[in-house]
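User: Hi! Could you walk me through some side-chain contacts in this one?
Analyst: Happy to, let's take a look together.

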Amino acid sequence: QIQPLGVVVLANTATDVVDLLGYALLRMLRGEPHDAALLRPVTVSPETLDRCTGRFEVEPGVELTITREGGALIAQFTGQWKIRIYPSSETTFHFVVQNVQLDFEMGPDGRARNVVIRTPDETTSADRIE
């Protein structure tokens, strides 16, 4: 059986919904689990996004860096490519390429003090290092 390598979604405007729909369709076609709830993106203020930015130590030698580019959060693990993450609340974000969820826990200063990384196989907590 041939597995689809990609899908194309045509739209007259670029929005988060278009990206999310494309990834959901690809997962559906591959028979993989998908989260249809992500097709309803949540709008998060730039100030709220900034509270989640920083560097977090996953394990010795492996960091997760969260940056903001425009109105989006970008995640990058040490030695990996940058991936946009999508909000489902002010503190929960999802990778749509992989089945990964990030739950940010805020500290007393209002900034993320750690992030809980959830995959189907494991849950890991990463503390802020910067």
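User: Let's start with Glu63: is it buried, partly exposed or exposed?
Analyst: Glu63 counts as partly exposed, at 24% relative accessibility. Buried means under 20% relative accessible area, exposed over 50%, and partly exposed in between, with a 1.4 Å probe and protein chains only. Keep in mind that this is a predicted model: local features need pLDDT of at least 70, side-chain atom pairs count only at pLDDT 80 or more, and totals for chains, interfaces and linings use all residues. Residues are numbered from 1 along each chain as its sequence is written, and side-chain values use heavy atoms, with hydrogens and water left out.

User: Thanks! Which side chain does Glu63 meet in a salt bridge?
Analyst: That would be Arg55, at 2.8 Å from N to O. A salt bridge here is a side-chain nitrogen of Lys or Arg within 4 Å of a carboxyl oxygen of Asp or Glu. Arg55 is partly exposed too, with a relative accessible area of 24%.

User: What about Glu130, how far apart are its closest N and O atoms with Arg55?
Analyst: They are 2.4 Å apart in that salt bridge. Glu130 lies in the segment after β8 (123-128) and Arg55 in strand β1 (residues 54-59), so the pair ties together parts that are 75 residues apart in sequence. Helices (H or I, at least four residues) and strands (E, at least two) are DSSP runs, numbered from the N terminus. Glu130 is exposed, at 56% relative accessible area. Shared partners join Arg55, Glu63 and Glu130 into one salt-bridge network.

User: Nice. How many salt bridges are there by this rule?
Analyst: The count comes to six. One of them is between Asp50 and Arg68, at 2.6 Å from N to O. Asp50 sits in helix α2 (residues 46-52) and Arg68 in strand β2 (residues 62-69), so this contact ties together parts 18 residues apart in sequence.

User: Switching to rings: how many aromatic pairs are there?
Analyst: Three. Rings of Phe, Tyr and Trp (its six-membered ring) pair if their centres lie within 6.5 Å; planes under 30 degrees apart count as stacked, over 60 as edge-to-face and the rest as tilted. Phe77 and Phe95 have ring centres 6.3 Å apart and planes at 20 degrees, so they are stacked.

User: And how are Phe93 and Phe104 arranged?
Analyst: Edge-to-face, with 5.8 Å between centres and 85 degrees between planes. Phe93 is buried at 0% relative accessibility, and Phe104 is buried at 4%. Ring pairs link Phe56, Phe93 and Phe104 into a cluster.
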